[in-house]
Amino acid sequence: MSFSFILQSAIFNFQSLLTVILLLICTCAYIRALAPSLLDKNKTGLLGIFWKCARIGERKSPWVACCCVIMAFSILFLQ
């Protein structure tokens, strides 16, 4: 499988898009917890998206965790 096919299917499949967004939020929050200087210096521009995802992961962590559990249940048992 090529990378463009994977990216294209994640864009057009809503559940895959939500999975990618949740993984991005969780990954950015984890990276910021380990090395805050990596994301804090890029608060604007294209790399600012990662800083914003980290902030969402930190501030809304109970909601993000709940969404991750629901998504995991959906992927494991409903597909």
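This is a predicted model: local features need pLDDT of at least 70, side-chain atom pairs count only at pLDDT 80 or more; totals for chains, interfaces and linings use all residues.
**Exercise 1. Get your bearings**

Work out how many helices and strands the chain has, and what pattern they follow along the sequence.

*Solution.* Start with the count: the chain has 5 helices and 0 strands. Next, walk along the sequence, and the pattern reads α-α-α-α-α. Then check burial: of the 79 residues, 20% count as buried. Finally, look at the contacts between residues at least 6 apart in sequence: 53% of these join residues at least 24 apart.

**Exercise 2. How do H2 and H5 pack?**

Find the angle between helices H2 and H5, decide which orientation class it falls into, and list the residues that make the contact.

*Solution.* First, locate the pair: H2 covers residues 14-34 and H5 covers residues 61-78. Their axes lie 11 Å apart, at an angle of about 140 degrees. Now for the class. Roughly antiparallel needs an angle over 145 degrees, and roughly perpendicular runs from 65 to 115. As for handedness, the crossing of H2 and H5 is left-handed.

Last step, the residues themselves:

- H2 brings Gln15, Leu18, Thr19, Leu22, Ile25 and Cys26.
- H5 brings Val64, Cys67, Cys68, Met71, Ser74 and Ile75.

**Exercise 3. Zoom in on Thr19**

Is Thr19 buried or exposed, and which residues beyond its sequence neighbours does it touch?

*Solution.* Begin with its place: Thr19 sits in helix H2. Its relative accessibility is 19%, and the cut-off for buried is under 20%, so Thr19 counts as buried. Now set aside the neighbours within four places in sequence, and Thr19 is in contact with Met71 and Ile75. Both partners turn up on the H5 side of the H2 contact.

**Exercise 4. What surrounds Arg32?**

Decide whether Arg32 is buried or exposed, then find which side chain it joins in a polar contact.

*Solution.* Arg32 is another residue of helix H2. With a relative accessible area of 17%, against a cut-off of under 20%, Arg32 is buried. Next, follow the side chain: a polar contact of 2.7 Å joins Arg32 to the side chain of Glu58. To finish, leave out the neighbours within four places in sequence, and Arg32 is in contact with Leu39, Asp40, Trp51, Ala54, Arg55 and Glu58.

Methods
Residues are numbered from 1 along each chain as its sequence is written. Side-chain values use heavy atoms; hydrogens and water are left out. Axes are lines fitted to C-alpha atoms, for helices over the stretch in contact, and angles run from 0 to 180 degrees between N-to-C directions. Helices (H or I, at least four residues) and strands (E, at least two) are DSSP runs, numbered from the N terminus. Angles under 35 degrees count as roughly parallel, over 145 as roughly antiparallel, 65 to 115 as roughly perpendicular and the rest as oblique. A crossing is left-handed if the near helix is turned anticlockwise from the far one by less than a right angle, and right-handed if clockwise. Contact means heavy atoms within 4.5 Å. Buried means under 20% relative accessible area, exposed over 50%, partly exposed in between (1.4 Å probe, protein chains only). A polar contact is a pair of N or O atoms within 3.5 Å; within protein, one must be able to donate a hydrogen and the other to accept it, and residues adjacent in sequence count only if both atoms are side-chain atoms.
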